[in-house]
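Please view the sequence and structure below before reading on.

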Amino acid sequence: MKKGFILLEILLGITFLGIVAAASLPLMTNSMISMDRAAERGEMIYLCDYVAQKLKTDDDEVLESVESLLNEGSIEYRDEEIDEDVYSCTLDLMEAEGNYMLIGVRIKSQKYDNMEVRLEVSRQIQGVFTN
């Protein structure tokens with residue numbers, strides 16, 4: 001009885017492994033793309049929440065943005081935390097009634113054209129602006 005493998009068996013085994021690897025390559029590529037998109041979406045959700053929390057403060061920069069938003073209805077928001085080469089942030093005045101306003105925060109990705117995250121935040125406006 002002989003021990004070991006003959007050359008033909010080794011070549012067939014390597015060929016079979018190559019076919020299996022080639023068939024699974026698109027699956028692995030799609031998984032990597034999905035993971036990248038999920039990471040991008042997570043970053044966008046973080047940025048939306050960051051902007052929403054910042055809009056609730058009474059910083060001078062925020063107050064100027066809120067005043068512009070009340071006058072114009074929609075503005076592009078810029079902040080050092082938001083990389084303008086990758087993301088754009090738009091604030092939309094959804095409703096202003098009484099002492100409160102409802103602001104829509106939209107973050108769009110330049111990397112993925114159709115990816116957008118939206119968040120709504122309310123803010124009190126009474127006593128913030130002096131006439």
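The count of salt bridges comes to six, a salt bridge being a side-chain nitrogen of Lys or Arg within 4 Å of a carboxyl oxygen of Asp or Glu. The model is predicted, so local features need pLDDT of at least 70, side-chain atom pairs count only at pLDDT 80 or more, and totals for chains, interfaces and linings use all residues. Residues are numbered from 1 along each chain as its sequence is written, and side-chain values use heavy atoms, with hydrogens and water left out.

**Salt bridges**

| Pair | N to O distance |
|---|---|
| Asp-36 and Lys-111 | 2.9 Å |
| Lys-108 and Glu-116 | 3.6 Å |
| Arg-118 and Glu-116 | 2.5 Å |

Asp-36 and Lys-111 meet through their side chains. This pair links distant parts of the chain: Asp-36 sits in helix 1 (residues 7–55), Lys-111 in the loop between strand 3 and strand 4, and 75 residues separate them. Helices (H or I, at least four residues) and strands (E, at least two) are DSSP runs, numbered from the N terminus. Asp-36 is partly exposed, at 31% relative accessibility. Lys-111 is also partly exposed, with a relative accessible area of 47%. The classes are set by relative accessible area: buried is under 20%, exposed is over 50%, and partly exposed is in between (1.4 Å probe, protein chains only).

The other two pairs in the table share Glu-116. Lys-108, Glu-116 and Arg-118 are thus named together as a network of salt bridges, by the rule of a side-chain nitrogen within 4 Å of a carboxyl oxygen. How exposed is each member? Lys-108 is partly exposed at 35% relative accessibility. Glu-116 is partly exposed too, with a relative accessible area of 23%. Arg-118 is exposed, at 59%.

Lys-108 lies in strand 3. Strand 3 (residues 100–109) pairs with strand 4 (residues 116–124) in the antiparallel sense, over nine bridges. Two strands pair if DSSP finds at least two bridges between them. A hairpin of six residues joins strand 3 to strand 4. Two bridge partners can be picked out. Arg-106 has Arg-118 in strand 4 as its partner. Ile-107 has Val-117 in strand 4.

Strand 3 also pairs with strand 2 (residues 87–97), again in the antiparallel sense, over ten bridges. Glu-95 stands opposite Leu-102 in strand 3. The hairpin of strand 2 and strand 3 has two residues between the strands. Within this hairpin, Gly-98 takes a positive phi near 65 degrees.

Is strand 3 enclosed or open? Seven of its ten residues are buried, so strand 3 is largely enclosed by the rest of the structure. Lys-108 is partly exposed, with a relative accessible area of 35%.

**Surface patches**

Which residues make up the negative patch on the surface? Glu-43, Asp-59, Asp-60, Glu-61, Glu-64, Glu-67, Glu-80 and Glu-81 gather there. Patches are made of residues with over 30% relative accessible area and no salt bridge; like charges are joined within 9 Å, and nonpolar side chains (Val, Leu, Ile, Met, Phe, Trp, Tyr) within 5 Å. Lys and Arg count as positive and Asp and Glu as negative, while His and the chain ends are not counted. A charge is placed at NZ of Lys, CZ of Arg, CG of Asp or CD of Glu.

Helix 2 (residues 60–72) gives the most to the negative patch, with four residues. Glu-67 is in helix 2. Glu-67 is partly exposed, at a relative accessible area of 43%.

A nonpolar patch is formed on the surface by Phe-5, Ile-10 and Ile-14, with about 360 Å² of accessible area together. Accessible areas come from the Shrake-Rupley method with a 1.4 Å probe; for residues, only the protein chains shown count as cover. Ile-14 is in helix 1. Ile-14 is exposed, at 56% relative accessibility.
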